[in-house]
Amino acid sequence: TERNKDNLILTLKQRICDLTQDTMTIEWIDLIDHLRNMREETIKNINKLKADIVSGILITQVITEMKKQEDESISKALSSKDIKEPIKSVTHAYDGIALEDNELIVYNDYQRFPFNALSTGAQEQVLLGVRIGILSHLLQDRKMFLILDDAFQHSDWERREWLIDEMATL
């Protein structure tokens with residue numbers, strides 16, 4: 001019927017006005033124009049959101065690849081003679097250090113240990129060996145001084161003698 005049709009049209013206009021925040025007194029042509037503008041703005045926002053999501057994915061992929069390359073570079077450096085020799089000289093217990101699944105592993109010919117499972121003294125000695133190795137690699141034959149603040153604080157007496165001998169050699 002005609003009355004139902006008019007009610008449906010009024011209901012439709014009210015729902016559109018609710019979306020556009022217009023009053024019911026607005027002309028249909030203006031209301032449709034506002035609805036079109038609102039649709040265009042929504043499409044623009046959706047496209048921006050899609051672009052943000054895609055760029056976020058791309059950035060994450062680039063960072064992941066850079067992290068992988070950096071981890072490979074670190075692993076290669078840690079397995080070098082420049083790093084391994086000072087660790088062995090300083091600790092007399094470990095032959096080197098490796099990065100495995102974002103965890104540092106200290107090893108010798110017989111065992112592998114998570115770095116964080118070592119005693120504080122052993123950790124400090126390994127890190128001292130790593131620092132000496134990095135400096136030796138960077139400096140080559142040039143000489144510089146090295147400040148050792150509390151370097152032997154957590155070392156037992158036997159290891160302190162080794163460490164002092166190693167420092168004298170360095």
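Predicted model: local features only at pLDDT ≥ 70, side-chain atom pairs only at ≥ 80, totals over all residues.

User: In what order do the three strands of the open sheet stand?
Analyst: The three strands form an open sheet with antiparallel pairing. β1 (96-100) and β3 (112-114) each have a single partner strand, so one side of each is left without a neighbour in the sheet. These two strands therefore stand at the edges. The order is β1-β2-β3.

User: By what angle are neighbouring strands of this sheet turned against each other on average?
Analyst: The value is an average over neighbouring strands, and the direction is ignored. The angle is 35°.

User: Over how many bridges do β1 and β2 pair?
Analyst: The two strands run in the antiparallel sense. One of their bridges joins G96 to its partner Y107 in β2. The number of bridges between β1 and β2 is five.

User: Which residue in the hairpin of β1 and β2 takes a positive phi?
Analyst: This hairpin has two residues between the strands. The positive phi is near 50°. The residue that takes this value is D101.

User: Which residue of β3 is the bridge partner of I105?
Analyst: Strand β2 covers residues 103-107 and pairs with β3 in the antiparallel sense over three bridges. In this pairing, V106 stands opposite F113 in β3. For I105, the bridge partner is P114.

User: At what angle does helix α2 run to β1?
Analyst: Helix α2 comprises residues 28-78. This helix lies across β1 and β2. Its angle to β1 is about 165°.

User: How many residues join β2 to β3 in their hairpin, and which residue is found in the loop?
Analyst: The hairpin leads from β2 to β3 through four residues. The residue found in the loop between these strands is N108.

User: Is N108 buried or exposed?
Analyst: The relative accessible area of N108 is 18%. A residue counts as buried under 20%. N108 touches A93, Y94, D95 and F113, not counting residues up to four places away in sequence. By the cut-off, N108 is therefore buried.

User: Which backbone atoms lie 3.3 Å and 2.7 Å from a polar atom of the side chain of N108?
Analyst: The distance of 3.3 Å belongs to the backbone oxygen of A93. A polar atom of the N108 side chain also lies 2.7 Å from a backbone nitrogen, that of Q111. The atoms asked for are the backbone oxygen of A93 and the backbone nitrogen of Q111.

Notes. Residues numbered from 1 in each chain as written. Heavy atoms only, no water. Pairing = 2+ DSSP bridges. Axes fitted to C-alpha atoms, helices over the stretch in contact; angles between N-to-C directions. Contact = heavy atoms within 4.5 Å. Buried < 20%, exposed > 50% of the residue type's maximum accessible area, 1.4 Å probe, protein only. Polar contact = N/O pair within 3.5 Å; in protein donor to acceptor, adjacent residues only side chain to side chain.
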